[in-house]
Amino acid sequence: PFDAKQRGPAERAKMLADLGIRRCAYDWRSRHVEEFEEEILQYKKRGIEFFAFWSSHPEAFRLFKKHGIRPQIWRTLGSPKAQTQEAKVEAAAHAMAGHAKQAADVGCKFGLYNHGGWGGEPANLIAVCRRLHAMGHDNVGIVYNWHHGHGHVEDWAESLRLMKPHLLCLNLNGMNTGAKPKILTLGQGEHDAAMLEATLDSGYAGPIGILDHQSHLDTKTVLQANLEGLQKLLEPRTKLREQ
């Protein structure tokens with residue numbers, strides 16, 4: 001939805017293939033529902049994994065079963081109005097339980113997605129994840145986004161250590177103090193190198209995401225810049241391994 005060129009499924013799949021990206025987390029709006037199946041088919045044609053799907057839609061779940069794919073399902077963890085921490089965790093878990101079951105019914109993992117507020121705090125994501133596991137929803141994990149995590153730049157290493165057992169995907173972003181700006185190309189942020197170094201040191205070996213989220217720009221241009229920024233950040237490690 002953020003692509004200034006508003007590509008369709010075939011154009012988008014080609015763009016990803018041209019960039020060398022072999023997985024896609026699919027965000028959508030109501031106008032895209034009629035394209036769901038074509039998106040799946042175009043990804044298969046290009047050898048791209050339909051890796052994750054934002055929120056839920058009955059047509060998408062029908063198509064997942066039809067085409068034998070099992071993307072992660074990502075959904076924002078809300079911020080309940082309850083008075084105590086225990087009550088908030090319980091309310092948040094119960095609000096997510098039905099969605100987690102819906103995902104499990106089609107063989108998909110379910111990711112609690114940080115998007116600010118109480119539900120965006122690592123400790124709360126972990127607590128709700130554990131409560132859902134206790135309720136029998138063992139397909140639940142955490143999807144953590146740097147662009148919604150500027151409050152945890154300083155304690156990123158510890159936050160990651162705590163979330164790591166539950167982490168389904170980690171989405172990167174250029175990171176400046178105070179989210180100025182919130183969306184920034186990787187490699188241009190003042191904290192990018194230190195945060196990535198902490199991530200590598202943690203031993204996290206799961207999926208890593210990059211994002212566009214700049215609707216005035218061509219998505220291909222933005223993704224290419226992020227790939228180049230990530231490569232530049234990784235250069236010191238690469239050189240060390242080569243020595």
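Mentor: Let us begin with Arg29, which lies in the loop between E1 and H2. Please keep in mind that the model is predicted.

Trainee: Why is Arg29 called partly exposed?

Mentor: The relative accessible area of Arg29 is 33%. Buried requires a value under 20% and exposed a value over 50%, so Arg29, at 33%, is classed as partly exposed.

Trainee: What does Arg29 contact, leaving aside its neighbours within four places in sequence?

Mentor: Arg29 is in contact with Pro1 and Phe2.

Trainee: Is His32 buried or exposed, and how do you know that?

Mentor: His32 has a relative accessible area of 10%. The limit for buried is under 20%, and His32 is therefore buried. His32 is also found in the loop between E1 and helix H2 (36–46). Setting aside neighbours within four places in sequence, His32 is in contact with Pro1 and Tyr26.

Trainee: What makes Arg12 buried?

Mentor: Its value is 16%, and the cut-off is under 20%, so Arg12 is counted as buried. Arg12 has its place in helix H1. Beyond its neighbours within four places in sequence, Arg12 is in contact with Arg7, Tyr26, Glu35, Glu39 and Tyr43.

Trainee: Why are H1 and H8 called roughly parallel?

Mentor: The axes of helix H1 (residues 9–19) and helix H8 (residues 219–242) cross at roughly 25° and come within 11 Å. Angles under 35 degrees count as roughly parallel, so H1 is roughly parallel to H8. The crossing of H1 and H8 is right-handed.

Trainee: Which residues make that contact?

Mentor: H1 contributes Met15, Leu16, Asp18 and Leu19, while H8 contributes Thr219, Lys220, Leu223, Gln224 and Leu227. The residues of this contact divide into five nonpolar, two polar and two charged.

Trainee: What makes H7 and H8 oblique to each other?

Mentor: Helix H7 (residues 192–202) and H8 pack at an angle of about 60°, with their axes 10 Å apart. Roughly parallel needs an angle under 35 degrees, and roughly perpendicular begins at 65. An angle of about 60° falls between these limits, so H7 and H8 are oblique. The crossing of H7 with H8 is right-handed. On the H7 side the contact is made by Asp192, Ala193, Leu196, Glu197, Leu200 and Asp201, and on the H8 side by Leu230, Leu233, Leu234 and Arg237. These residues divide into six nonpolar, no polar and four charged.

Trainee: What is the order of the strands in the sheet?

Mentor: The sheet is open, has seven strands in the order E1-E2-E3-E4-E5-E6-E7, and shows parallel pairing.

Trainee: Why are E1 and E7 called edge strands?

Mentor: Strand E1 (23–26) and strand E7 (208–209) each pair on one side only.

Trainee: How do you know that E2 and E3 pair?

Mentor: Two strands pair if there are at least two bridges between them. Three bridges join strand E2 (residues 49–54) to strand E3 (residues 72–76), so the two count as paired. Trp54 stands opposite Trp74 in E3.

Trainee: Why is strand E6 described as largely enclosed by the rest of the structure?

Mentor: Five of the five residues of strand E6 (residues 167–171) are buried, and E6 is so described because of this. Strand E5 (residues 140–145) and E6 pair in the parallel sense over four bridges. The bridge partner of Tyr144 in E6 is Leu170.

Trainee: What makes His191 buried?

Mentor: His191 has a relative accessible area of 15%, and the limit is under 20%, so His191 is buried. His191 is found in the loop between E6 and H7. Not counting residues up to four places away in sequence, His191 touches Val153, Glu154, Met175, Asn176 and Thr177.

Trainee: What is noted about phi in Gln6?

Mentor: Most residues other than glycine have a negative phi. Gln6 is not a glycine, yet its phi is positive, at about 50°. Gln6 lies in the segment before H1.

Terms used
Residues are numbered from 1 along each chain as its sequence is written. This is a predicted model: local features need pLDDT of at least 70, side-chain atom pairs count only at pLDDT 80 or more; totals for chains, interfaces and linings use all residues. Side-chain values use heavy atoms; hydrogens and water are left out. Axes are lines fitted to C-alpha atoms, for helices over the stretch in contact, and angles run from 0 to 180 degrees between N-to-C directions. Angles under 35 degrees count as roughly parallel, over 145 as roughly antiparallel, 65 to 115 as roughly perpendicular and the rest as oblique. A crossing is left-handed if the near helix is turned anticlockwise from the far one by less than a right angle, and right-handed if clockwise. Contact means heavy atoms within 4.5 Å. Ala, Val, Leu, Ile, Met, Phe, Trp, Tyr, Cys and Pro count as nonpolar, Asp, Glu, Lys and Arg as charged, and the others, Gly among them, as polar. Buried means under 20% relative accessible area, exposed over 50%, partly exposed in between (1.4 Å probe, protein chains only).
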